[in-house]
Each structure stands twice: as structure tokens, then as C-alpha cells.
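Please keep the picture in view while I talk.

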Amino acid sequence: MTLRLTDHTVSTDTDDGAVLLSRRTGHYWQLNQTGAYALHRLLDGSTLDQVAEEFADHFDIAPTQARQDLTAMTERLRTSGLVETG
């Protein structure tokens with residue numbers, strides 16, 4: 001699964017993470033530092049499993065929990081029209 005921003009989504013890094021803005025709807029999402037890091041890794045071509053393993057090691061959580069959390073985040077961004085998979 002490859003993740004990318006939709007054509008109408010603008011992403012800006014902030015001190016606290018990142019903000020994603022849909023130029024189509026005017027709605028925006030704010031991601032904390034962990035969410036922004038995960039999104040950047042996924043946009044750069046890392047797989048969900050790779051990022052989940054990295055998070056599991058870093059945060060000392062089960063890889064399945066990390067994968068569930070990342071899947072939930074990416075699904076919410078996808079259903080909001082901010083990212084797409086291909």
C-alpha cells in the first residue's frame with residue numbers, strides 16, 4: 001500500500017506536529033508529533049508494518065497495537081479525503 005496526499009491537500013509541519021488542510025472542503029486536521037512522523041514515513045514509502053514495528057520498539061507496545069493505531073489514523077485521513085492509497 002502506497003500512501004499519498006490527495007491533490008487538494010496541503011501539509012505543513014508545525015512545532016507540535018503537522019496540519020493537513022483540504023483546499024476542497026476547508027477542513028483541517030492537526031496531527032501530534034507522533035502522528036506527523038508516522039504520516040511522513042508512510043508518505044516516503046515505508047509500509048504500515050515497517051512503521052508499526054518501529055513504533056512498537058520505540059514506545060514498548062505490541063506490534064499489533066501499533067498497527068491498529070496506524071491503521072485507524074490512516075483510515076480516518078483517507079475517509080476525510082486527505083490521503084489516498086494506491
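This is a predicted model: local features need pLDDT of at least 70, side-chain atom pairs count only at pLDDT 80 or more; totals for chains, interfaces and linings use all residues.

Three strands form an open sheet in the order 2-3-4, with antiparallel pairing, where strands are DSSP runs of E with at least two residues, numbered from the N terminus, and two strands pair if DSSP finds at least two bridges between them. Strand 2 and strand 4 (28–32) stand at the edges with a single partner strand each, so one side of each has no neighbour in the sheet. From one strand to the next the twist averages 15°, with axes fitted to C-alpha atoms, for helices over the stretch in contact, and angles running from 0 to 180 degrees between N-to-C directions.

Residues are numbered from 1 along each chain as its sequence is written, and side-chain values use heavy atoms, leaving out hydrogens and water.

Now to the pairs themselves. Strand 2 (residues 9–14) and strand 3 (residues 17–22) pair over six bridges in the antiparallel sense, forming a hairpin with two residues between them, and Thr 9 stands opposite Ser 22 in strand 3. Strand 3 and strand 4 also pair in the antiparallel sense, over five bridges, and here Leu 21 stands opposite Tyr 28 in strand 4.

Finally, which residue is found in strand 2? That is Val 10, which is partly exposed at a relative accessible area of 32%, where partly exposed lies between buried, under 20%, and exposed, over 50% (1.4 Å probe, protein chains only).

Note on methods:
Helices (H or I, at least four residues) and strands (E, at least two) are DSSP runs, numbered from the N terminus.
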